[in-house]
Amino acid sequence: MLHSRSQAHTTTTACHLRRLVNFAEPRRDDVCLDVSGSSGLASAIRPWVGELTSAAAGALPSGTFTLVVAPLGHVRGDDQVGLVHDLLRVCGGRVVLADLVRTRAGDGDRIERLRDPARSRMRTFRELLDVVERAGGRTRRMDVFTVERPIEPWLAEAHDPDRIRRELTDELDGGPPTGARPRLIGAEMWFTQSWAYFAVEPTGRPGRVRGRPRR
């Protein structure tokens, strides 16, 4: 059972990273800045770019990059606007942003922050677009999708795993919705997250079309 959970988690994470790398459209001549803090993303994108630098959101290096990949989940409140503004400033090419999205299908914001108190509140799709616009950027492409994943590997580093597990079990038994949309697959509990990727560039930059449009 433990092996099955671990394998499902690894497969889900690998698919997620592959989707993000594909969306970013890395090129061999790219000078890439990774602000994800994820060794998995750095490993996934490194073979596809010419140079890769990893940095924290609060300590961006000087220089110009042709591709920047960054999450917004651990940058609080209006600091997200400042981060996107700074990323657009150091990037002469494409900025790719990733974050969880709050949807009408379920507001998992509270559960996500129970698991990780450091993450910022989950925004709606419209609110994320507004962050980009307030930072002086425009969204050229986007990808919005859901990911279903096993609960136990996700809870491995949770602040209060027992509380989260109890609330999700109560929902399965007819209790109040948590927004995590739990369900049983076999004897294991799974849940659903909604994600959005945004390919962003400064508002003042002339528009360009590369490749096929993303549906």
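Cys 15 counts as partly exposed because its relative accessibility is 36%, where buried means under 20% relative accessible area, exposed means over 50% and partly exposed lies in between (1.4 Å probe, protein chains only). This is a predicted model, in which local features need pLDDT of at least 70 and side-chain atom pairs count only at pLDDT 80 or more, while totals for chains, interfaces and linings use all residues. Residues are numbered from 1 along each chain as its sequence is written, and side-chain values use heavy atoms, with hydrogens and water left out.

Cys 32, by contrast, is buried at 1% relative accessibility. Its sulfur lies 8.8 Å from the closest cysteine sulfur, that of Cys 91, which is too far for a bond. The structure holds zero disulfides, a disulfide being a pair of cysteine sulfur atoms within 2.5 Å.

Strand 4 spans residues 91-100, and because nine of its 10 residues are buried, this strand is largely enclosed by the rest of the structure; strands (E, at least two residues) are DSSP runs, numbered from the N terminus. Strand 3 (residues 65-71) runs parallel to strand 4, joined by six bridges, and two strands pair if DSSP finds at least two bridges between them. Within this pairing, Phe 65 stands opposite Cys 91. Strand 4 also pairs with strand 7 (residues 188-202), here in the antiparallel sense over six bridges, with Val 200 of strand 7 as the bridge partner of Val 95.

Arg 94 also belongs to strand 4 and is buried, with a relative accessible area of 11%. The side chain of Arg 94 makes a polar contact of 2.9 Å with that of Asp 30; such a contact is a pair of N or O atoms within 3.5 Å, and within protein one must be able to donate a hydrogen and the other to accept it, while residues adjacent in sequence count only if both atoms are side-chain atoms.

Methods: Helix = DSSP H or I, 4+ residues; strand = E, 2+ residues; numbered from the N terminus.
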